[in-house]
Amino acid sequence: MVQERVLPSFSTAQTRLTHDEGLTVYEDMVLGRQFEDKCAEMYYRGKMFGFVHLYNGQEAVSSGVIKAMRSDDYVCSTYRDHVHALSSGVPARQVMAELFGKATGCSKGRGGSMHLFSAEHNLLGGYAFVSEGIPVATGAAFQSKYRRDALGDESADQVTACFFGDGASNNGQFFECLNMAALWKLPILYVVENNKWAIGMAHDRATSQPEIYKKASVFGMAGVEVDGMDVLAVRAAAQEAVARARAGEGPTLIEALTYRFRGHSLADPDELRSKAEKDFWFARDPIKRLANYLIEQNLATQDELTEIDKRIQSLIEDAVTFALDSPEPDPSELYRYVFAEDE
Ligand SMILES: Cc1ncc(C[n+]2csc(CCOP(=O)(O)OP(=O)(O)O)c2C)c(N)n1
Ligand SMILES: [Mg+2]
């Protein structure tokens with residue numbers, strides 16, 4: 001018998017989606033899923049190296065939050081960063097090329113899977129150290145606030161979304177940053193993707209208070225728990241948190257209850273999690289659930305969804321071809337990009 005902490009029902013959330021919004025969110029989730037499946041294939045074919053952490057199963061969190069933000073808002077990720085980058089608008093070509101270590105990658109082939117970065121898309125980076133992005137994101141939120149309040153720059157109303165895992169929420173940087181963010185009312189969303197596991201450490205064995213969103217209350221911060229397999233519920237929570245942040249009313253801690261459908265990384269045989277647990281979560285596949293919802297609500301037809309699936313498939317094939325055909329970084333440029341260059 002699997003004891004799962006899930007919210008009572010698949011919320012068809014309070015937010016009504018338009019046809020276009022529904023398809024945008026659906027397309028983003030399908031892009032994330034298909035991109036990751038292609039990564040697994042390319043990794044096992046020896047096209048990419050090092051650790052590769054896939055996001056399958058968690059798509060509702062990335063799409064629900066990032067698609068509720070503006071394109072000039074900031075996003076900060078972890079080593080599980082491919083889909084956050086895609087939702088932020090980094091082209092699939094650039095992400096795939098980065099994973100292949102090519103010069104055309106979004107980090108110029110210097111970063112690889114865990115260090116995706118794009119100044120153009122305000123993607124503050126993927127970070128290999130657990131919790132490493134939390135202070136970076138907090139700093140980004142501080143600069144928006146400082147430019148607006150101290151320097152009088154009215155255009156500095158950007159919000160930052162900081163994604164990290166349940167494991168990261170036991171790290172000191174989480175507590176230090178939540179304290180500062182609440183104290184200074186920073187425009188930030190701390191989004192914990194609680195997928196129940198930190199590699200092979202079960203969340204409930206690693207923390208004294210498994211309900212992470214409750215940790216916000218001691219800082220006087222808003223904390224919400226949301227079904228992370230329900231993109232509409234995530235989107236509704238994100239919209240509220242973004243509005244709060246943009247209005248100068250401070251940060252929100254969003255705990256999204258989710259699950260990764262694959263092992264921790266592609267090097268993980270994934271033998272610790274029980275079949276019953278996996279089956280329980282596979283049945284809540286966020287993409288199938290959104291597809292059913294869109295059709296039931298007459299927001300989309302099956303043909304429209306199939307057309308999107310096919311379009312994304314060719315987009316990913318194109319990304320692979322682009323990555324394969326791209327040049328390696330030139331060895332003479334080994335030290336380039338260590339320091340920022342003038343544009
Ligand atoms: C500071 C630090 N300690 C340990 C590790 C090794 N490590 C890599 S991923 C990971 C688990 C993190 O789990 P979680 O934050 O829940 O994120 P998830 O992988 O589930 O997305 C650990 C311990 C690390 N990368 N950085
Ligand atoms: Mg985790």
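## Conventions

A residue is called buried when its relative accessible area is under 20%, exposed when it is over 50%, and partly exposed in between (1.4 Å probe, protein chains only). This is a predicted model, in which local features need pLDDT of at least 70 and side-chain atom pairs count only at pLDDT 80 or more, while totals for chains, interfaces and linings use all residues. Residues are numbered from 1 along each chain as its sequence is written, chains are lettered from A and ligands numbered from 1 in the order in which they are written, and side-chain values use heavy atoms, without hydrogens and water.

## Parallel strands

Helices (H or I, at least four residues) and strands (E, at least two) are DSSP runs, numbered from the N terminus. Strand β2 comprises residues 160-165, and five of its six residues are buried. Two strands are taken to pair if DSSP finds at least two bridges between them. Strand β1 (residues 74-76) runs parallel to β2 and is joined to it by three bridges; here C76 stands opposite C162.

With strand β3 (residues 188-194), β2 forms six bridges, also in the parallel sense, and F164 faces V192 as its opposite residue. Between β2 and β3 the chain passes through helix α6 (residues 172-183) in a right-handed β-α-β crossover; right-handed means that, with the strands pointing away from the viewer, the path from the first strand over the helix to the second runs clockwise.

## Loop residues

N122 belongs to the loop between α4 (92-99) and α5 and is buried because its relative accessible area is 18%. N298 occupies the loop between α10 (286-296) and α11 (302-325), and its relative accessible area of 71% makes N298 exposed.

In the loop between α2 (59-66) and β1 lies S71, which counts as exposed because its relative accessibility is 70%. L151, in the loop between α5 (133-149) and β2, is likewise exposed, at 56% relative accessibility.
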